[in-house]
Structure formats: structure tokens, C-alpha cells
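Colleague: I have the model open and want to get my bearings. Can we go through it together?

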Amino acid sequence: MISETFYLDHNLESIDPMVQLLVRTAENSLRQDVLGRFGICTSEALTNLVLHAKNCAPDAEMQIKLSETEIAVFLEVYDPEGADPFDLRKYATDLSEIDVMAEGGRGLGLIMACADHVAYGRVDNKYRLGLTFNKADKLG
Amino acid sequence: MIHSTQTDDGIIIVRPGVQRLTAVNSKAFKDEIVALIDAGNSEFVIDFTSTTFLDSSGLGALAGVLKKIGHRGDLAVCGLGPDVMQMFTICRMDRVFSIYPDEAAALRALSEKS
């Protein structure tokens, strides 16, 4: 069972190696198409945080936890210390409402579309984005 | 970053030159293709055979290229692996772009159109 903690530096160049590491860690626990959604979701969530986290120290690390149960894989992304809370569920636009020719604005909608459940709230004095990816289809 | 070649018909074949097209490199990707459009080229095939992943920034850059070409030319994409195709499908971009399995099929389609 996966139960690992990672730390991401606050810069764009650090995101992709972290996404690939998380995908490799989860690859034996999720069906291939769910793993694809997991990769997209992880990339969008970390990019959003690095680009848009406000009022945190420029060198603030972000804590990421990856774990699993019998039924799902859980990705927890903690906002860097000092960052303003940002509940993306309130701001995400459904992908069906986005102009297909738009050059931006898909990131939050992708997170909502690719995760099976999205949560956000205060945990241990920090704000945490929680993303769930179900294994159920894998069994079916 | 991109690698481009031109066919005898004047079609530009672009290979992104990166395995992963993301927020780190998508602006350079778009800028370099836009420079080719500004230089007078109007028909493009973008071959993603060597690109295994693109995020929303990469997809946005591709939409920007398509907008820049507009009605003056044509753009086809090919060689989409499963993860890239999944991204196109989720974002409904499979309805916007002409998608072909490989360069030969994409070139044949563009040549027949012109």
C-alpha cells in the first residue's frame, strides 16, 4: 500500500519531475486510463499552486502526500505556508463551458473532471487539496 | 526547441522536440510556430509521436497556433499517444483538430485539401 510524502520546490521546473515520480508511484495501483487522469490532475494541481499561490514565501516548499486504501488512491497537496486559501471548486469552469479555442482557463476544470472526488479544507493548521482516484473500475 | 522540415508541397512538419509539453515550455513551442506562420507558412502538420504528455498549457498553445493560422491555412496533428489523446478527448479538442495516426496520413490529407 502506498504511503509516501514528497516535497515540491516552488518553481515550474520542479513540477514535471514530481508529476512523473507520483505517476510512477501510483502506476501499480490504478488502471491505465485512471492513471492518465491522475497524471493530468496532478500536473494541473501543482502548476496552479506554483503559479497562483499568493502571499507565501518565494522559496516555500509544498508538501504532497500520496496514499491508498483498498478502494482508492489519495493525493493530498498542502498549500505552502502563508499562502492565501484557494478553494478551486469555487472557481473551476466546467470544461463543456470553455471555448474550445481558448488558450487558457482549462486547468481547474481539468482537475474537477479528472479526479473522482475533490476536497479542500484546513488540516493540521494548513490548507489541503485532496484528490481521490477510485480503483473500483479496476476490479470490474 | 521545435524541429521543423518542409515538404515539396510547402507543408511544414513540426516535431515539438520535447517529451512533455507543459507550462515550462509551451510558450516557446507556440512562439516558434508563430514565427513560422509570420514567415509566410500556412500549412502545418504537428507530429506528437515523441511527445508523451501535454498539459492545459500545451493544449492552450496548440489552440493559439490554430487561431493564428485561422482561415489562411490548415493544421493537422498526428502521432497522438494514449495520454495525449486522452487530454484531447477530455477537453473536447478532438472535435477541433484534424487528427491523423501518422505523418504520412496527415500529409496526404492536407495535400488532397489544397
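Colleague: Which element gives the largest share of the lining of the largest pocket, and how many residues is that?
Modeller: Helix α2(A), with seven residues. This is a predicted model, so local features need pLDDT of at least 70 and side-chain atom pairs count only at 80 or more, while totals for chains, interfaces and linings use all residues, and side-chain values use heavy atoms without hydrogens or water. Residues are numbered from 1 along each chain as written, with chains lettered from A and ligands numbered from 1 in written order.

Colleague: What counts as a helix or a pocket here?
Modeller: A helix is a DSSP run of H or I, at least four residues, numbered from the N terminus. On a 1 Å grid over protein atoms alone, a pocket is an open set of points with protein on both sides within 12 Å along at least five of seven lines, a cavity is a set where a 1.4 Å probe fits but cannot get out, and lining residues have an atom within 4 Å of a point.

Colleague: What is the volume of the largest pocket?
Modeller: About 610 Å³, where volume is the space filled by probe spheres set on the points.

Colleague: Which residues are closest to the centre of the largest pocket?
Modeller: Out of 30 lining residues, those are Thr47(A), Asn48(A), Leu51(A), His52(A) and Leu108(A). Two or more lining residues come from each of α2 and α3 (107–114) of chain A and α2 (56–69) of chain B. The lining has 15 nonpolar, nine polar and six charged residues; Ala, Val, Leu, Ile, Met, Phe, Trp, Tyr, Cys and Pro count as nonpolar, Asp, Glu, Lys and Arg as charged, and the others as polar.

Colleague: And how much space lies in the second largest pocket?
Modeller: About 280 Å³. Its lining has 15 residues, and Gln20(A), Val23(A), Arg20(B), Phe53(B) and Asp83(B) lie nearest the centre. Both α1 and α2 of chain A give two or more residues to this lining, with α2(A) giving the most, five. By class, five of the lining residues are nonpolar, six polar and four charged.

Colleague: How many cavities of 30 Å³ or more does the structure hold?
Modeller: One. The largest cavity contains about 30 Å³ of space. From chain A, Leu12(A), Ile15(A), Asp16(A) and Thr47(A) line this cavity, and from chain B, Thr22(B), Ala23(B), Val24(B) and Asp55(B) do. That gives four nonpolar, two polar and two charged residues.

Colleague: Back to α2(A). How does it pack with α1(A)?
Modeller: α1(A), residues 15–26, and α2(A), residues 32–52, pack at about 150° with axes 10 Å apart. The two helices are therefore roughly antiparallel. On the α1(A) side the contact residues are Ile15(A), Met18(A), Val19(A), Leu22(A), Val23(A) and Ala26(A), and among their partners in α2(A) are Leu35(A), Phe38(A), Leu46(A) and Val50(A). This contact has ten nonpolar, four polar and no charged residues. Contact here means heavy atoms within 4.5 Å.

Colleague: Which residues of α3(A) does α2(A) meet?
Modeller: Gly107(A), Leu108(A), Leu110(A), Ile111(A) and Cys114(A), which meet Arg37(A), Ile40(A), Cys41(A), Glu44(A), Ala45(A) and Asn48(A) of α2(A). The classes are seven nonpolar, two polar and two charged. For this pair the angle is about 145°, and the axes lie 9 Å apart.

Colleague: At what angle does α2(A) cross α3(B)?
Modeller: Roughly 70°, with the axes coming within 10 Å; α3(B) covers residues 82–90 of chain B. That makes α2(A) roughly perpendicular to α3(B). Asp33(A), Gly36(A), Arg37(A), Ile40(A) and Glu44(A) make the contact with Asp83(B), Gln86(B), Met87(B) and Ile90(B). Three of the contact residues are nonpolar, two polar and four charged.

Colleague: What are the cut-offs for those angle words?
Modeller: Under 35 degrees is roughly parallel, over 145 roughly antiparallel, 65 to 115 roughly perpendicular, and the rest oblique. Angles run from 0 to 180 degrees between N-to-C directions, with axes fitted to C-alpha atoms over the stretch in contact.
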